[in-house]
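This report walks through one protein chain, from its overall build to single residues. Keep the sequence and the model in view while reading.

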Amino acid sequence: MSESRTSADGGMETSYGFREVSDGEKQGLVNQVFHKVAKRYDIMNDVMSMGMHRAWKDAMIAALNPRKEPGYKVLDVAGGTGDIAFRIVEASGRQAHATVLDINGSMLGVGAERAEKKKLSGNLTFVEANAEELPFEAASFDAYTIAFGIRNVPRIDVALSEAYRVLKRGGRLLVLEFSEVDMPLLDKIYDTWSFNAIPQFGKAITGDAEPYQYLVESIRKFPNQENFAAMIRQAGFSRVSYTNYTGGIAALHSGWKL
């Protein structure tokens, strides 16, 4: 398979990293990756982002600026370990309710354990389900967040349409994802780090380099900032914008259901 990025027209549905897989095969392969890394997911993010993911996530929550009221409801997708949901609840003064949805039960188990330790269980609901088929009524949530998860969804366009459906009028979509580096020297440094160092660190941490090799390759296949913004618009969202972090290593995309 070509190492070039997919476009707004699709291609991620049959892309398992740089490998071409059959239609419907990708989800099972991705599930295996996250079963393997669930217990070390935060360490994995530190390796993938050179430690920057924590600052990017804090910036995401600042952009969301969750309301400090009990009726504020957020759906955090592909957020099984609770990392984003915990931040949202704390930023709301423990007033908001966050539903954490993930297709991977191992990830959700980690999140539920952490919620208990943080005494946040009353503000959280954990749901095992697919981002392409959300088990919620239309217009159920004030915000939809997903951090470093959208590129692992086979049919991204379907997931975005589902996000639009479950958001209330005036609701906001925020997507934090690794993206295309827009600084010439930084892109070479990051490529060297990604393809040479990250799989080896992954092997040292988990005993298995393959999950990290997939994750690195999936970043390179994901649509760039402009193409992903176009996909969000195609799903019906308005006022679509994005903000690059650390030279485009990551980007925060925003859209509104108006």
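Buried here means under 20% relative accessible area, exposed means over 50%, and partly exposed lies in between, with a 1.4 Å probe and protein chains only. By that rule A250 is buried, at a relative accessible area of 0%.

The model is predicted: local features need pLDDT of at least 70, side-chain atom pairs count only at pLDDT 80 or more, and totals for chains, interfaces and linings use all residues. Residues are numbered from 1 along each chain as its sequence is written, and side-chain values use heavy atoms, leaving out hydrogens and water.

**Overall build**

The protein chain has nine helices and nine strands. Helices (H or I, at least four residues) and strands (E, at least two) are DSSP runs, numbered from the N terminus. Along the principal axes, the C-alpha atoms fill a box of roughly 45 × 40 × 35 Å. The radius of gyration is taken over C-alpha atoms, and the globule rule is 2.2 Å times the number of residues to the power 0.38. For 258 residues a compact globule would come near 18 Å; the protein chain has 17 Å, which agrees.

Buried residues make up 54% of the 258 residues. Contact means heavy atoms within 4.5 Å. Of the contacts with a separation of 6 or more, 75% join residues 24 or more positions apart. The protein chain exposes about 10,600 Å², and carbon and sulfur atoms supply 51% of that area. Accessible areas come from the Shrake-Rupley method with a 1.4 Å probe; for residues, only the protein chains shown count as cover.

Charges come next. Lys and Arg count as positive, Asp and Glu as negative; His and the chain ends are not counted. Each charge is placed at NZ of Lys, CZ of Arg, CG of Asp or CD of Glu. The mean positions of the 30 positive and 32 negative charges are 6 Å apart.

**Nonpolar cores**

A nonpolar core is a set of buried Ala, Val, Leu, Ile, Met, Phe, Trp, Tyr and Cys residues joined through side-chain atoms within 4.5 Å. The largest one has 31 residues, and L75, Y144, L173 and F228 have the most contacts inside it. Two or more residues each come from β3 (73-77), β6, α6, β7 (167-178) and α9 (225-234). Helix α6 gives the most, with five residues. A second, separate core has 22 residues, including M60, F178, V181 and Y190.

What does F228 touch, not counting residues up to four places away in sequence? The list is I150, I156, L160, V175, F222, P223 and H253.

**Two positive phi angles**

F148 is not a glycine, yet its phi is positive, at about 55°. F148 sits in the loop between β6 (141-147) and α6 (156-166). At 4% relative accessibility, F148 is buried.

R239 is not a glycine either, and its phi is positive at about 50°. R239 belongs to strand β8 (residues 238-245). Is R239 buried or exposed? R239 is exposed, because its relative accessible area is 58%. Leaving aside neighbours within four places in sequence, R239 is in contact with S254, G255, W256 and L258.

A250 lies in strand β9 (residues 250-256). Not counting residues up to four places away in sequence, A250 touches W56, F148, L176, E177, F178, S179, T243, N244 and Y245.

D182 is placed in the loop between β7 and α7 (184-206). Leaving aside neighbours within four places, D182 is in contact with N244, G247 and G248.

R220 lies in helix α8 (residues 210-221). R220 counts as buried, because its relative accessibility is 11%.

**C-alpha separations**

| Pair | Apart in sequence | C-alpha to C-alpha |
|---|---|---|
| D182 and G247 | 65 residues | 5.8 Å |
| R220 and E180 | 40 residues | 7.7 Å |
| A250 and N196 | 54 residues | 19 Å |
| R239 and G11 | 228 residues | 25 Å |
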